[in-house]
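Hi there,

Here is the structure I promised to pass on. Have a look at it first, and then read on for what turned up.

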Amino acid sequence: MAGAAGLAVIAIFVYVSYLCHRNFEETVISQTQQQLLTIAKATADRLEEFADALSRELKIIAMEPALQEEIQNRVMQTGIDVCPIKIFYESHKGDVDAFTALDADGIMLHRHPFIKGRPGTDHSDKPGVAYVIREHKPYVSEWFYNHSGEPVISISEPVFYKDQFAGLVRWMISLDTLSKHFVQSTKVGREGFVWILDQRKTILSHPDPKQVGQHIIASRKEVFPDHDWSALEDIVVKATQGEEGVGIYDCAPCGTRLIAYAPIHMGNQLWSIGVSMNYSEIAAPIRRHAMNYLEITSLFMLLFSAGGFALYRIEKRRAAQLEKKNQELRQEITNRKRAEKALRESEAQKQAILDASVDMIMQVDREMRIVWANKMAASIVNKTPEDLIGHTCHKFFQNAEAPCPGCPCKKALETGNTEHATMYQPAMDTVGESYWEDYGVPLRDESGQIVGVIEIARNVTEKIKAEQALVQAKEGWENTFDAITDMVMLLDSEHRIFRVNKATAEAFNTTKESLMGKKCYEVVHRENHPIEQCPLLLTMKTLEPHTKEITEPNIGGTYICSTSPILDHEGTLSGYTHTLKDITQSKRLEAQLLQAQKMESIGTLAGGVAHDFNNLLMGIQGYASLILKDLDSTHPHYQWLRRIENHVKSGAGLTRQLLGFARGGKCEVKPTDINEIVKKSSSMFGRTKKEITIREKYEQDVWTVEVDQGQIEQVLLNLYVNAWHAMPGGGDLYLETSNVTLDENYTKPYNVRHGRYVKISITDTGIGMDEATRRRIFDPFFSTKEMGRGTGLGLASAYGIIKNHGGIINVYSKKEHGSTFNIYLPAAETTVNSERSMAREEEIKRGSETILLVDDEQNILDVGKELLRELGYKVLVASGGEEALDIYKANKDRIDMVILDMIMPGMGGGEVYDRMKEIKPEIKALLSSGYSINGEASEILESGCDGFIQKPFDIKQLSQMVRKVLDD
């Protein structure tokens, strides 16, 4: 027996030695792989930093103005010496092979260093070039062969000239350069090496140049077709999918290799780097470790054999002594079995009593292990009582590693008293979640020491869930009540508040608790009695709901006040509800909408009046021009006729203001820096009104707006003058511009789009105005000045001009507190053009061509015909659209130009022009109207009409415009 035991010990020792050796071998391999992975990730980081640096520097080159302009013009100097190119190329001469610049079609414009014959070649089919031309985004290409047959990659950056794509610039980097810098310079043991793959599993860098450009698996299978390359294939798949990790594979020519791989993010390209090492380089320490274990095992076996013989002699003498003791032990066991049988019978009786209980009963020892349990306890976990014995109660019933917080059994062990708690039981296989009234009763031995606990638990799930449902219902009602955005108060029969929602407390800037017990009129109106308009008085009389609109200065604004009785299930009154719904915003929006509709109606009327008045002025102006043309300045009637012309100009100015209000006709819209207009207009105003102190604050990077600069200057000057009148003794005028974004709720009443706006604020410290005046401030002909001091069209015109620009103008004012006018102009995406228009020529120009004059007003036809004949033209006239078309069809070859009225009954100017254009596509036409350029006139001009002249006009204006259209 001793020999067998000895052999077993030797076998165990040998086996343990083997396991230790295996563990050592696995540790060495794992540590080596982690070192390789560290090298792989470090090299990948260096490559990514290298590519990022080149991309940043290429972006700087692409932003060079001189280079942008030459690429846009597609003419680059052969010896271009743009500073960033030279600096970056010289500093990276060993990293990059060339810099190239291409135009928008992919034609090479420049190469640095210069190679004769390369500029002018088409590179649109090169990897990456087509992508940049198409998408206008930076790109890192896949590898390709350059003109010298070397494998290279390119890093490309688009070039923009004045926000338009002009071409691209590229760094060319050879794979050989990458290999020298990042692969060949990385040492991995004696025979280890580094390689780089792209997503197509093509080798981009390798110590063996013949491997570059080869498929890593296909090239190996071609040389070693019978070798199993599956392990390497699995590693390559993971690597080219962007994963990092380690692995082992068998290489046919060089044995087992360890490998680590990591991803490389080169711009938009995903590469993978692999660091490989031969297993043989780490085999030597593993073999030494194995020899050490073998020597130790041999020494142990020698010593064990020598001691084994001595142990055999000792064991033989002890065997006799053991036999005697065994006989005594067998007798003792027999006696013990008799006692145990009696105990089992007693235990069975006790167990039967416990199993009959509907409560869960268990005994646990000081370590919380179950000593015994009744059937009810076991049934909870679908076990028998025997299955529970020896297990901790918290593990079996709570699946916990420690006693539950508040466990009465654990507490009873600590205090020595009976403890009680309500415990939660998670859902088990046989029952759902439950709650138990749990008692822990200390169990003591004969000496009074606590040896365990009797646990008694009763299921109280239904009771607990009923209580929880009641709490949840109350919380749900409270949450719903607080979610109501209107102010809601619940009152008793004496008007005292006994519950309020969150919105009420927030409206009065206090807590809900502080409002309890107060009367509603004390809180809302700060009165000691109900107010007359409160609907609660009616509800108290009729016991029916009532609603009324009230205005309450205490909390500010207008509200819908609703009250209703609270009746119990028997119909007995128990209190009242009192609700306040804030409608201040909706009332404001309603007023703004009504104002906008009123102004639109007045504008339509004003526009019609202005149009007809301009036609009348046209006749007066035309005949006056004809008479003046032949009069010498010494003629006695000359000055009277000049005064008639001046009155016509005053009338025309009045109608322009009316049109500005009615239609806001824009004559010359261009991208504008609003700061420049405000500065220019305020400077001009300030020079004439020294008593006014102008304080300016401008948005630094104000957004561009597209406006008629003259009209906006007119609006600003009107507002400055209005402020001056409001400050007769002098004062401060505050001017401010800012970029703002208006949401749909703000812009909807004004019927303009929401989004980005430039805001102009003009604030005076004058006398201000009352609400009645403020409501009418933009009405035409409304003025606060005495009779004869103004037309009342200044602010009305401002309103129309801003509205026609798609903007908003409003005013805030209070008596004795000054006024603030806010103008919102929609921001544009275009940039400001600083070019200035050429000055107009002043002389009368003549001609001999044939002109068709079309207008539905006979006086316009008469005076227009005379003016044109006076200028030397042959004139045909038509009093309507149909007549004009008939004349044009019959004389299209001799009619050189048409002067066309825009507004005519039946067929308007736009339709007439379109049908004439069908007859003769090269038609030349001048649009004439008493209205400004707006709406239909803009559409006609956009469809090809050659010009516009606004009535009334004199012979000089007509001569220049006719000549401009004919000569263009």
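Which residues does Asn822 touch, not counting residues up to four places away in sequence? Please keep in mind that this is a predicted model. The list for Asn822 is Lys759, Ile760, Ser761, Ile808, Ile809, Asn810 and Tyr812. Asn822 itself sits in strand S28, which spans residues 819–826. With a relative accessibility of 7%, Asn822 counts as buried, because the cut-off for that label is under 20%. One of the residues it touches, Ser761, also forms a polar contact with Asn822, side chain to side chain, at 2.8 Å.

The other spot I wanted to show you is helix H6, residues 216–223. Buried there are Ile216, Ile217, Ser219 and Arg220. These four cover an arc of only 165° around the axis, so they lie on the same side of H6.

As for the protein chain overall, its secondary structure comes to 29 helices and 33 strands. Of its 968 residues, 43% are buried. Among the contacts with a separation of 6 or more, 59% are between residues 24 or more positions apart. The accessible surface of the chain is about 52600 Å², and carbon and sulfur atoms account for 52% of that surface.

Definitions and conventions: Residues numbered from 1 in each chain as written. Predicted model: local features only at pLDDT ≥ 70, side-chain atom pairs only at ≥ 80, totals over all residues. Heavy atoms only, no water. Buried < 20%, exposed > 50% of the residue type's maximum accessible area, 1.4 Å probe, protein only. Helix = DSSP H or I, 4+ residues; strand = E, 2+ residues; numbered from the N terminus. Arc of directions from axis to C-beta. Polar contact = N/O pair within 3.5 Å; in protein donor to acceptor, adjacent residues only side chain to side chain. Contact = heavy atoms within 4.5 Å. Areas by Shrake-Rupley, 256 points an atom, 1.4 Å probe, with all protein chains shown as cover.
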